[in-house]
Amino acid sequence: MPQFPRGFYFGASTSSHQVEGGNENDWTDWERKNADQLARSAADGPFRRFWPKKVSETKPSPTERENYISGRASDHYHRFKEDFDLAKKLGHNAHRFSIEWSRIEPEEGVFAEHEIRHYREVVSELRARGMEPFVTLWHWTLPVWLAETGGWESPRTPEYFSRYAERVARALPEVTFWITVNEPEVWSSASYLTKRWPPQKQNPLRYLRVLVNLVRGHRRAYAAIKKINPSAQIGIAKHNIYFEAHENSWWNTVLKSSADWWWNRWFLNRIKDAQDFIGLNHYFYNRISGWFGKNENKKLSDMGWELFPEAIRHVLLDLKTYNKPVYITENGLADSEDKHRTWFIEETLKEILSAIGAGVDVRGYLHWSLLDNFEWDKGFWPRFGIIEVDYQTLSRNTRESAEAYRNLIEKYTRKES
Ligand code: BGC
């Protein structure tokens, strides 16, 4: 039976705004202003038809304002030790989390030492449990002062970002793996093209501007961290989709090549000489037949996303041309009843093994997510955690798929006798 290479990282991911609770940033402002409207539109929104019974009965309900306010979230800020204990029991040897910029630099140029200490503690608690930290510096939320001066639209933001990165890297010398920015293409399109996320703009020029500034921000942060810690391994978390040209018609092939170039490769090509690894976030398969999204949709998540584990192998094979190690920094599904997760993880791991067999240098798999969390404009109802969170009591309940994942980790890393 094929095995994962020695030293392969298995674990799960989270992000600060989605699990910590108690944040004050551009998103918390936006949530307060938009929660009522989001709750009203969920009542007959497009997702409703995918909800299993458990989602309709969940608390807070998707039709309540409370669902759209991150508030205390999963209270991971106070419970991280308990959560890391669970992760360790589940056989994880790595964990990805993000640092909340708005905590570290609540006002321009003012750095909060007690928050820096908090993340030092997070890192040392992971290390104490034998888990390798993968640290993200920016997972979509901005300090309010920065959002007010234009956020990533402003030419000064790359500089602010590298100053923040430098500060954090200096405080956490024992961190090897750094992820500067999370999914720049997803965030910029939802925030500057489709008007879904703050600052809800629809302007292609601004969209391109923020992407260019994100490239600059990454490159400056890369240089700043390397200066402090030359052996740091630095990359981004890149959201790549498997676009498949169905029936191989010339038109489908043109659409596929354009989507591959723009969505999957453009950002990576701009930072080729400033990344030590590729962090891959993978969720989507998009079958093109005359147009995008002509999927068969045989199995769906609670959000209506097609579950198609084979897609990850194609995405991984495409990354081979970059000749860099790949860490899968996110991959998962909203599955409140835990119906598909075990199957999904097992099939995904087999596909990764097959990509490794075909020569892709994959070195880790971090499932999204360790915990149920706040899924941005959808709020709390999508349940991505291998650990379930009861938002009334904040108690944790390990889902069966989490145990199954542990058994798979064991099975695939068994020492040959
Ligand atoms: C994001 C996460 C999000 C997940 C599921 C990724 O695009 O990085 O923050 O929760 O997808 O939608």
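A73 is located in the loop between α3 and α4, where helices (H or I, at least four residues) and strands (E, at least two) are DSSP runs numbered from the N terminus. The model is predicted: local features need pLDDT of at least 70, side-chain atom pairs count only at pLDDT 80 or more, and totals for chains, interfaces and linings use all residues. Residues are numbered from 1 along each chain as its sequence is written, and side-chain values use heavy atoms, with hydrogens and water left out.

Backbone geometry comes first. Most residues other than glycine have a negative phi, and most peptide bonds are trans. A73 is not a glycine, yet its phi is positive, at about 45 degrees. With a relative accessible area of 3%, A73 is buried; buried means under 20% relative accessible area, exposed over 50%, and partly exposed in between (1.4 Å probe, protein chains only). The loop between α3 (53-57) and α4 (76-89) also holds P60. The peptide bond leading from K59 into P60 is cis, with omega near -5 degrees.

K195 is partly exposed, its relative accessible area being 41%. P199 belongs to the loop between α9 (184-192) and α10 (204-228). The bond joining P198 and P199 is a cis peptide bond with omega of about 5 degrees.

W152 is in the loop between α7 (144-148) and α8 (157-171) and is buried, with a relative accessible area of 0%. Its C-alpha atom is separated by 6.9 Å from that of L214, although the two residues are 62 apart along the chain. Y405 is part of helix α14 (residues 400-412) and counts as buried at 0% relative accessibility. Y405 and F10 are 395 residues apart in sequence, and their C-alpha atoms are 9.4 Å apart in space. R103, in helix α5 (residues 101-104), is buried with a relative accessible area of 10%. From the C-alpha atom of R103 to that of F277 the separation is 27 Å, and the two residues are 174 apart along the chain.

Around the ligand are Q18, H139, W140, N182, E183, Y283, W305, E330, W368, E375, W376 and F384, a residue being near a molecule if one of its heavy atoms lies within 4 Å of it. This shell divides into 6 nonpolar, 3 polar and 3 charged residues. Ala, Val, Leu, Ile, Met, Phe, Trp, Tyr, Cys and Pro count as nonpolar, Asp, Glu, Lys and Arg as charged, and the others, Gly among them, as polar.

Within the shell, E375 has a side-chain N or O atom 2.5 Å from an oxygen atom of the ligand. For Q18, an N or O atom of the side chain is 2.7 Å from a ligand oxygen atom. A polar side-chain atom of Y283 lies 3.5 Å from an oxygen atom of the ligand. The protein covers 95% of the 310 Å² of accessible area that the ligand has on its own, with accessible areas taken from the Shrake-Rupley method with a 1.4 Å probe.

Terms used: Polar contact = N/O pair within 3.5 Å; in protein donor to acceptor, adjacent residues only side chain to side chain.
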